[in-house]
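Try each task before reading its solution.

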Amino acid sequence: MLFGLCVYAESEHEQIYRDLDVPDFSYIHNIDPGEMYDVQNTSWSPYPLFRLTSPLYFKSITIEPGYYLLTPREHEGNWYILFKEAGEIKYIIPAYNKEIVPMGFYEANLPKAKLTPSQKFQVKLYDFVGKYVRSSQRKPAPNTYLETTDLENNFISIVLYWGNYRYYMILRTIKL
């Protein structure tokens, strides 16, 4: 398999698509075994929500329109993106590249919450309590971001930013 930490030029998306193999594994009962560890410290799902309004294709896999939580997972040294719906894995798509997110990316691209004066007071109170009461401290959920780019020849590139890494996928908008 020709992916993982391979680096391709942007114009090589058709070759990248050809080099990727359709995943030949599945998870027991279509349940993500790492999800429990990702969500144990958060009040809501830390995965980005991807809304798909028309089908996308990866070789023999057709991703139907719907709402999906995108989750990166490693399997036998290769990275895959799990498309989950209602907690169940629907599709597994290979990621052809994994990179470290540039410093300051999230600060520059994620919107800042505009807080009312009472909300600012509440946040400062919680920060104060969290600073001095160790049992009330929680790890923050990882930052997430999704980037989609329409490429030539009916290809689409999806970049999933999750925590300290970004994962690259390539799909098609029409079936071959």
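**Exercise 1.** Decide whether Tyr-168 is buried or exposed in this predicted model.

*Solution.* Take the relative accessible area of Tyr-168, which is 15%. Buried means under 20%. Tyr-168 is therefore buried.

Now treat Tyr-96 in the same way. Its relative accessible area is 11%. That value also calls for the label buried.

**Exercise 2.** Count the aromatic pairs, then classify Tyr-68 with Phe-83.

*Solution.* Start with the whole structure: a search finds 14 aromatic pairs. Next, take the rings of Tyr-68 and Phe-83. Their centres are 5.8 Å apart. Their planes meet at 70 degrees. Planes over 60 degrees apart count as edge-to-face, so this pair is edge-to-face.

Then place the partners. Tyr-68 belongs to strand E4 (residues 66-75) and Phe-83 to strand E5 (residues 78-85). They are 15 residues apart. Both Tyr-68 and Phe-83 are buried.

**Exercise 3.** Classify the pair Tyr-96 and Tyr-168, and locate each ring.

*Solution.* The ring centres of Tyr-96 and Tyr-168 lie 5.9 Å apart. The planes are at 45 degrees, so the pair is tilted. Tyr-96 sits in the loop between strand E6 (88-94) and strand E7 (97-100). Tyr-168 is in strand E10 (residues 165-172). The pair links distant parts of the chain, 72 residues apart.

**Exercise 4.** Which residues form one aromatic cluster?

*Solution.* The members are Phe-50, Tyr-68, Phe-83 and Tyr-91.

**Exercise 5.** Which rings have Lys-98 and Arg-172 over them?

*Solution.* Lys-98 lies over the face of Tyr-165, 4.0 Å from the ring centre. The charged end of Arg-172 is over the ring of Phe-155, at 4.5 Å from its centre.

Definitions and conventions
Residues are numbered from 1 along each chain as its sequence is written. This is a predicted model: local features need pLDDT of at least 70, side-chain atom pairs count only at pLDDT 80 or more; totals for chains, interfaces and linings use all residues. Side-chain values use heavy atoms; hydrogens and water are left out. Rings of Phe, Tyr and Trp (its six-membered ring) pair if their centres lie within 6.5 Å; planes under 30 degrees apart count as stacked, over 60 as edge-to-face and the rest as tilted. Helices (H or I, at least four residues) and strands (E, at least two) are DSSP runs, numbered from the N terminus. Buried means under 20% relative accessible area, exposed over 50%, partly exposed in between (1.4 Å probe, protein chains only). A charge sits over a ring if NZ of Lys or CZ of Arg is within 6 Å of the ring centre and within 35 degrees of the ring normal.
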